[in-house]
Amino acid sequence: MKKSLITLILLTLFITACGSAKLSPDQKSMIHNRDLLYTIVPMWEEKDRIYGTNYKIGTLIPINSSVRVIAANNKAIVFEYNGKKKTYYIMQNHSRVDTSATLARTFSRTPVQLNVYTKEMQINIIRGNLTNNMTKDQVIFARGYPPFHRTPSLTQNSWKYWNTKHGTQTIQFTNGVLGGIGMPYSSLPVALTQVQNPIINTKLPYNFTKTNISQPDSFVLAIGINKYQENPDVAYADKSALAFAELAKTTMGVPKENIITLTNEQATSGQLKAKMELIKELSDSRGNLYIYFAGHGVPGKDGATYILPYDMNADTIHLEPNLRLDKIYAKLAKLDVKKVFVIMDTCFSGKDDDGSLLYKGVAPVLKSKKVKVTSSKLTVLTAGKSTDFANDFESKQQRMFTYYLIDELSKGKSNISEIYPEIQSRVKRSSLMKGLGYKQIPQKYGNTSQKFY
C-alpha cells in the first residue's frame with residue numbers, strides 16, 4: 001500500500017511539474033484505466049530511457065510489445081513494459097510532434113497485423129532490421145519514424161535516422177521501396193547482436209557434421225542461463241545453449257536468421273515470454289520448432305513445475321503462469337507445425353548443482369506434479385527424472401545431458417528411439433562417477449519415435 005501511494009505521488013509530481021498535455025478523451029481514459037496497449041513502432045531504450053530522436057542504441061522494445069501507459073505530460077510519456085517503468089522523452093524540437101500525436105503513433109489498442117507479410121519480412125521487422133525492398137510502412141514498423149528536423153516529410157525518397165547522438169544513417173527509396181541496404185551483422189540492434197553472438201570464446205567440444213539437410217521453415221529458441229541475478233550458477237548452461245544453436249545451424253540445416261539465442265541476463269521473465277510468443281508466431285506448417293532450455297527448473301508452491309528466468313526466485317515463480325511447463329507444452333502442441341521438440345537440461349527438484357535448495361530456509365524438497373505429454377507432434381527430452389540432478393560436465397564445459405545428446409546428433413544421427421539408449425547409458429555412467437547422489441538418467445516423453453531432423 002505504501003509503495004503504491006509513493007508511486008502515485010511521484011507520478012502526480014511528474015505530471016504537474018512539466019505541465020499537462022492536451023490529450024483526447026480516449027487517451028485520457030486509457031491512461032487513467034491503464035489499458036493494455038501495443039507498441040506500433042519499435043523503440044530502443046538505454047537505462048529505462050527512450051528518446052524521440054529514435055536512437056538505435058541500447059535494448060530493443062520491438063513492435064507489438066504489450067505495455068500500459070501510466071502518465072504523460074508535455075515533455076515525456078511514462079509506460080510500463082515487462083514490469084518496469086520506461087520514460088519516453090518526446091523532444092519536440094526534433095520530433096515536431098506533441099504528446100497526443102506521439103501517443104497516437106506509438107501505442108495502439110490493437111497490434112500491427114504483420115502476418116500479411118512473408119515470414120522473412122516479419123522476422124526483420126520484429127528484430128528492427130532494415131532490408132532491401134521494404135516499403136515505407138515496413139521501414140517504420142522496423143525502425144520507427146525518422147526525426148522531423150532532418151526528414152520533414154515522409155513523401156521524401158531520402159530519410160535520415162540517428163543511430164547514436166553523433167552517428168547517422170541515410171536510406172533511399174526508389175519507386176516506394178528501400179534499395180541499397182544490406183544486412184551486415186553489425187547493423188543488428190545492440191541487444192540482438194549480443195543475443196545472437198554472446199562473447200563466449202571457448203571452443204565447443206563437438207565435430208559438427210555438415211549435412212545437406214535444409215529446414216528453411218523451422219525455428220529454434222535456445223536459452224541458457226549460467227549466471228542468475230539472485231540464484232546459484234548453472235555451470236556451462238550458456239555454452240550448452242550456444243552449442244545447440246550451432247548444431248541447429250550446421251547439422252540440422254536451420255538458417256541462422258531462424259535461430260534465437262538468449263543467455264544469462266538476456267533471459268529475463270519478460271524476454272522468455274516474449275520470445276516464446278515470437279517463436280509461436282513464426283511457426284510454419286512446413287517446418288519444425290525446437291526449444292532448448294538449460295538453467296534452473298523449480299517446483300512452484302502450487303505444485304506445478306516451472307522454468308526459472310534470470311531475474312526471478314523460486315519462491316515467487318508461481319506468479320508467472322506462462323512459465324509453467326504444462327502451459328508451455330499445451331500451447332506448443334496446438335501449433336500448426338510438423339513437429340515440436342523441447343529439450344530441458346534442468347532438474348525440477350528445487351536444488352542447484354551442489355544440492356543446495358533454491359528455496360530459502362526450506363528443509364524438505366517440494367513435490368511437483370508430473371507433467372503429461374500426450375500430443376503426437378510433441379517430443380520432450382529431459383536431463384533426468386523429476387528427482388534427478390541435472391549435472392554439469394566440467395571436462396567438456398557443457399551440461400552433461402546436453403553434451404551426450406549433441407554428441408550423438410552432431411554425427412548425423414537423428415532417430416530418437418535409436419540414439420536415446422546410448423545417451424541414457426553414457427549420462428548415467430558419467431553422473432555416477434561424481435557420486436551416488438548425482439545419479440541422472442535422461443527421459444523422453446510424447447512422440448519418441450520421430451526423427452529429430
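Reader: Is α9 mostly covered or mostly open?
Author: Mostly covered. This is a predicted model, and in it ten of the 14 residues of α9 are buried.

Reader: Which residues of α9 are the buried ones?
Author: They are Ser269, Gly270, Gln271, Leu272, Lys275, Met276, Leu278, Ile279, Lys280 and Leu282.

Reader: And how far does α9 reach from its first C-alpha to its last?
Author: Helix α9 covers residues 269–282 and reaches 20 Å, close to the 20 Å expected at 1.5 Å a residue.

Reader: OK, over to α8. How many of its residues are buried?
Author: Twelve of the 14, so α8 is largely enclosed by the rest of the structure. The buried set includes Asp238, Lys239, Phe244, Leu247 and Thr250. Among the others in that set are Ala237, Ala241, Ala243, Ala245 and Ala248.

Reader: What covers those buried residues of α8?
Author: The cover includes the strands β12 (219–224), β13 (259–263), β14 (289–294), β17 (340–345) and β20 (398–399), along with helix α11 (400–409).

Reader: And the span of α8 from first C-alpha to last?
Author: For α8, residues 237–250, the reach is 20 Å, close to the 20 Å expected at 1.5 Å a residue.

Reader: Switching topic: at what angle do α5 and α6 cross?
Author: Roughly 45°, with the axes of α5 (residues 119–127) and α6 (residues 136–143) coming within 6 Å. An angle from 65 to 115 degrees would count as roughly perpendicular and one under 35 as roughly parallel; α5 and α6 are therefore oblique to each other.

Reader: Which residues make that contact?
Author: On α5 the contact uses Met121, Asn124 and Ile125, and on α6 it uses Gln138, Phe141 and Ala142. Four of the contact residues are nonpolar, two are polar and none is charged.

Reader: Now the strands. In what order do the six strands of the open sheet run?
Author: The order is β3-β7-β6-β5-β1-β8, with mixed pairing. At the edges are β3 (49–51) and β8 (107–108), each with a single partner strand, so one side of each has no neighbour in the sheet.

Reader: How do β1 and β5 run, parallel or antiparallel?
Author: Antiparallel, with two bridges joining β1 (residues 37–39) to β5 (residues 66–72). Tyr38 stands opposite Ser66 in β5.

Reader: Which helix lies across β1 and β5?
Author: That's α2 (residues 25–32), which runs at about 105° to β5.

How values were computed: Residues numbered from 1 in each chain as written. Predicted model: local features only at pLDDT ≥ 70, side-chain atom pairs only at ≥ 80, totals over all residues. Heavy atoms only, no water. Axes fitted to C-alpha atoms, helices over the stretch in contact; angles between N-to-C directions. Helix = DSSP H or I, 4+ residues; strand = E, 2+ residues; numbered from the N terminus. Parallel < 35°, antiparallel > 145°, perpendicular 65-115°, else oblique. Contact = heavy atoms within 4.5 Å. Nonpolar A, V, L, I, M, F, W, Y, C, P; charged D, E, K, R; others polar. Expected span 1.5 Å × (residues − 1). Buried < 20%, exposed > 50% of the residue type's maximum accessible area, 1.4 Å probe, protein only. Pairing = 2+ DSSP bridges.
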